[in-house]
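Thank you all for coming; I would like to take a few minutes to walk through one model with you, and I will go element by element.

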Amino acid sequence: MIVSPKSFTPRPFPLPALADIPLEYIAQQLHDLAPLYWNRPETADCTIIVPIVGHSRSSSRHRAADPSHIASHLTLQLHTDYLCTKSSLLRGLFSGYSYLDLVKPEPKPSASSSSTSRTSRCLPMPPSLQPHLLPSSRPVLFLPVPDPRSIHLLIHWIYFGKSDLIETCLKEGVVDWEGVTRNVEYLGLTTDIKVFLGRWYDNWLLPNTYERPVCCPQWFSDDSDVDSDSELEGDDSEVDERLPEYELAEEEVELSS
């Protein structure tokens, strides 16, 4: 008799035993340990599948809403503790909430739901393109981020708490500010990355415009009480923090709805 593998059971984050510990403290401890886990797929406990929208003459909005245009995907072997600490969306999905649960505004948030930090912004998309866990014995998450080009940079930031790699790629034009910003909003990342992007906009984009574009979220000014990225950095030990090349390869895949 063939025994099917046990399916993954969602669990809350942080665990009840760590519920009283601030997420900021947990994040700092994880940043210190990042050299041990970055680019170590053999230690990963989850898989993230990021679909890549195929090229078409139709507009990007229509391509994003049509599953038939998904031609390939990125497969990322990562660690749930890092993802859940910095992203409210991923924390909610790995805890067992559906996407619709997470984007539904709640007029009276309770203490029990505060750990998921649910986002109130609902992004219209067909069910086949909503982020969701796939049937598996370990967490496998289908995650259609708005800008796949910059997702690796944000994952690097999630692990190390440093924005220098994002800054370098923005300066060199490898990624664009709007794409990074859309991913940050979509994932529900913590305030510190929003502060960095807000300052980048003020320093590099605002001088060339007369008014803030509609796509720019009203984030935090320089008088925010959030610490700068330099205070989140770990030691200067020699670690290869470059983006692993194996993650950048596109893979052909057929995704069922």
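When I speak of a helix, I mean a DSSP run of H or I that is at least four residues long, and the helices are numbered from the N terminus. Please keep in mind throughout that this is a predicted model.

Let me begin with helix H8, which spans residues 177–187. Of its 11 residues, 8 are buried, so helix H8 is largely enclosed by the rest of the structure. Those buried residues are Trp 177, Gly 179, Val 180, Thr 181, Asn 183, Val 184, Tyr 186 and Leu 187. As for what covers them, the list includes helix H4 (88–94), helix H6 (151–160), helix H7 (164–172) and helix H9 (191–205). Just after H8 comes Gly 188, which takes a positive phi of about 65 degrees.

Turning now to strand E1, residues 46–53, we find that 7 of its 8 residues are buried, so this strand, too, is largely enclosed by the rest of the structure. Strand E1 is joined by 3 bridges to strand E4, residues 140–142, and the two run parallel; within that pairing, Thr 47 stands opposite Val 140 in E4.

Finally, the cysteines. How many disulfides does the model contain? With a cut-off of 2.5 Å between the sulfur atoms, the count comes to 0 disulfides. Cys 46 is in no disulfide, and the nearest cysteine sulfur, that of Cys 84, lies 7.9 Å away. Cys 46 is buried, with a relative accessible area of 0%, and Cys 169 is buried as well, at 11%.

Note on methods:
Residues numbered from 1 in each chain as written. Predicted model: local features only at pLDDT ≥ 70, side-chain atom pairs only at ≥ 80, totals over all residues. Heavy atoms only, no water. Buried < 20%, exposed > 50% of the residue type's maximum accessible area, 1.4 Å probe, protein only. Contact = heavy atoms within 4.5 Å. Pairing = 2+ DSSP bridges.
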